[in-house]
Amino acid sequence: MTSSFLVRRLWQFVPTLAGVVLLVFLLFNWVGGDPAYLLAGKIPNPERIAEIRRGLGVDQPYWVQLGIFAQQIATGDFGSSWSTNERVSQIFATRLGPSLTVLVPLLFISTVLSMGAAMLVAYWRGSLTDRAIMIGCTVAQSVSILVYILVFQYWLAYRLGWFPVQGWGGGLGENLLGYAALPVLVGVVVSLAPDIRLYRSFFLDEIGQDYVRTARAKGLAEGRVMWLHVMRNAAIPIATNVLMQLPGLLAGAFLIERFFSIPGIGREVIIAVERSDFPVIKAVTVYVAIATMVITLAADLLYRALDPRVQLK
Amino acid sequence: MSLWLLAWRRFLRDRVGVAALAVVAAFVALAAASAAGWVARDWSGEVGVSYAPPRFLAAKINEQEDKSAAAAPSGARDDYGIPDPLAAELAEIHARLSGAAAAESRETTLVFGADKWGRDVVKKAIKGGETSLAVGVAAATLAALIGTLAGAAAGYYGGWLDDFFNWLYSVFTSIPYLLLVLAIAAVLGHKGIATVILILGLTGWTGIFRLIRAEYLKHRVREYVLAADAVGASDARRMFAHILPNVSHVVLVQLSLHVVLFIKSEVILSFLGFGVGVDTVSWGSMLAEAPSELILGVWWQIAAATLAMALAVTAFSLFTDSLRDALDPRLG
């Protein structure tokens, strides 16, 4: 049953991916205008423009250009960056490591902390503590992530000198304990409020279930009911939620990466947008879209593995 | 109409919601007054000295400066015994410059300080609030309009229309939201309020679409819709005169949620320089000036922008929560 589900879901990727390709193509080849004028510099001469247009293939009809784009995606060869002439595949290979060095500890710490906090808040639901923490979360969420980054970087790194202000080193240990520490801290603080709110609702769903009443009725200690029974069941939607956050974070951590000068994928996106570096943006968009689809499927499979009641259709 | 009256009565019982609504109303009134030119019209006026401190700090800072001035070694630098040939001219220029500044009569302190160009931070925060709120509300309205129309068409007609919009939905949601926004910003190139509204509205409709589609799927087979069909109501009439009022509470809550989302997105876009132009001020463009200010110890502009934004967004979020509770009492 699982295999037929897998085949059908993979088959559904085709139209979605085609749509993403079409959307990106329309954006960059049609709305974006002629890239030759961007590339030829301040004083363009007609021969140079014609040469660039031939090189990029934009003198071809639209359907040929679309074919070129499809070929780029299929072969994974998006050519070179317009601004640095670095191979796009090379950019990806070298930027993924730093991104993951920040994201993996960030996801792990914030998930553990917000799960614990959410369970306690859900256990005390309706109390003053619950209301105060929920309003606190709303206030914390209303402050822009920019402010968290700016204030933490200024106060903890620049004024107090507890962390390096920015930068990136060579070794994994050096990065993890030195340069990545403050970015991870900022990321955890920012994601705590929305995560606690969401996970609290997951815990509340579980606490209202019959099995909790049964467990209590047979005389189990509250700690055992919460930590063993409720936690295991609430962990199912939380696990899928964490998984689903991953592709968005990969591109979405760009503010953190930019401020702390971490050579990751997010910072690359910002630089590419600032320089109108279309090949890099196109590649990032397509790859992240593919990653999103694959991870969504993985989340469904994980859900099935963790919760046998779920039927895959 | 009594349904809305009931919801309103339920809402009034929620004290947090009423307080939040009052704050939201105050922000909207301030933004409207600023748009009409009654307040903060002269926000770009360079009324104070550069980085003029807030009034409540001024006394302390002056004291410190007096101390440091007293501590500083008095007398001219020792120029290795060579007299400065330009000393007389320089002294004259200094005198003229300080005289000119005095004639312009710039304030040395302002209520909440000044920015680099000596503009009043409070006025900037009010004007920036107008921009940010206008972008948030306009973009949310656009997104709600697209999402509702597409959701209504997909849910009501089903068939190929439903397939098409579902396909569009899966395409848009498979690209992370901020990445899509940045990609469109990169392509459009030119900045401005209208561009930001367009970008946010055209990318942010997916959540509303999914909810409205589900509501229409549920409602189109209900008795009241079948009855309307039986008495000969047209498709459009059934969709918008019969079903829409019954799902409008979903649209309203989503509209409110998206205002918050888009205000936060606008701040990030403007901060990165893809948002409003340089001649407009928004909370994001105020934050964008903060990194260079913080190094100089100037914290009042980031504090003003953060405070204004946090207050507005918190009030809007709490209001949205209460609105949802009031409109959908089943959730309890």
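Me: Among contacts in chain B between residues at least 6 apart in sequence, what percentage join residues at least 24 apart?
Reply: The model is a predicted one. In chain B, the contacts considered are those between residues at least 6 apart in sequence. The share of these contacts that join residues at least 24 apart is 78%.

Me: How many helices does chain B have?
Reply: The elements of chain B, read from the N terminus, run α-α-α-α-α-α-α-α-α-α-α-α-α-α. Chain B has zero strands, and its number of helices is 14.

Me: Is Ala310(B) buried or partly exposed?
Reply: Ala310(B) lies in helix 14 of chain B, which spans residues 300–327. A residue counts as buried if 20 or more other C-beta atoms lie within 10 Å of its own. Ala310(B) has 19 other C-beta atoms within 10 Å, and is therefore partly exposed.

Me: Leaving aside neighbours within four places in sequence, which residues is Ala310(B) in contact with?
Reply: Val259(B) is 51 residues from Ala310(B) along the chain, and their C-alpha atoms are separated by 14 Å. Once neighbours within four places in sequence are left aside, the contacts of Ala310(B) are Val139(A), Ser142(A) and Val143(A).

Me: Which helix of chain A gives the most to the side of chain A that touches chain B?
Reply: In total, 34 residues of chain A are in contact with 31 residues of chain B. Several helices of chain A each supply at least two residues of this side, among them helix 6 (128–142), helix 7 (145–159) and helix 11 (222–252). By class, the side has 23 nonpolar, eleven polar and no charged residues. With eight residues, the element that gives the most is helix 1 of chain A.

Me: Why is helix 13 of chain A largely enclosed by the rest of the structure?
Reply: The buried residues of helix 13 of chain A include Ile265(A), Arg267(A), Glu268(A) and Val273(A). Helix 13 of chain A is largely enclosed because the number of its ten residues that are buried is seven.

Me: What is the orientation of helix 5 of chain A and helix 13 of chain A to each other?
Reply: Helix 5 (residues 88–123) of chain A packs with helix 13 of chain A at an angle of about 125 degrees, their axes being 7 Å apart. The contact is made by Ile91(A), Arg95(A), Leu96(A) and Ser99(A) of helix 5 and by Ile265(A), Gly266(A) and Glu268(A) of helix 13. These comprise three nonpolar, two polar and two charged residues. The orientation of the two helices is therefore oblique.

Conventions
Residues are numbered from 1 along each chain as its sequence is written. Chains are lettered from A and ligands numbered from 1 in the order in which they are written. This is a predicted model: local features need pLDDT of at least 70, side-chain atom pairs count only at pLDDT 80 or more; totals for chains, interfaces and linings use all residues. Two residues are in contact if their C-beta atoms, placed from the backbone, lie within 7 Å. Helices (H or I, at least four residues) and strands (E, at least two) are DSSP runs, numbered from the N terminus. Ala, Val, Leu, Ile, Met, Phe, Trp, Tyr, Cys and Pro count as nonpolar, Asp, Glu, Lys and Arg as charged, and the others, Gly among them, as polar. A residue is buried if 20 or more other C-beta atoms lie within 10 Å of its own, exposed if 12 or fewer, and partly exposed in between; C-beta atoms are placed from the backbone. Axes are lines fitted to C-alpha atoms, for helices over the stretch in contact, and angles run from 0 to 180 degrees between N-to-C directions. Angles under 35 degrees count as roughly parallel, over 145 as roughly antiparallel, 65 to 115 as roughly perpendicular and the rest as oblique.
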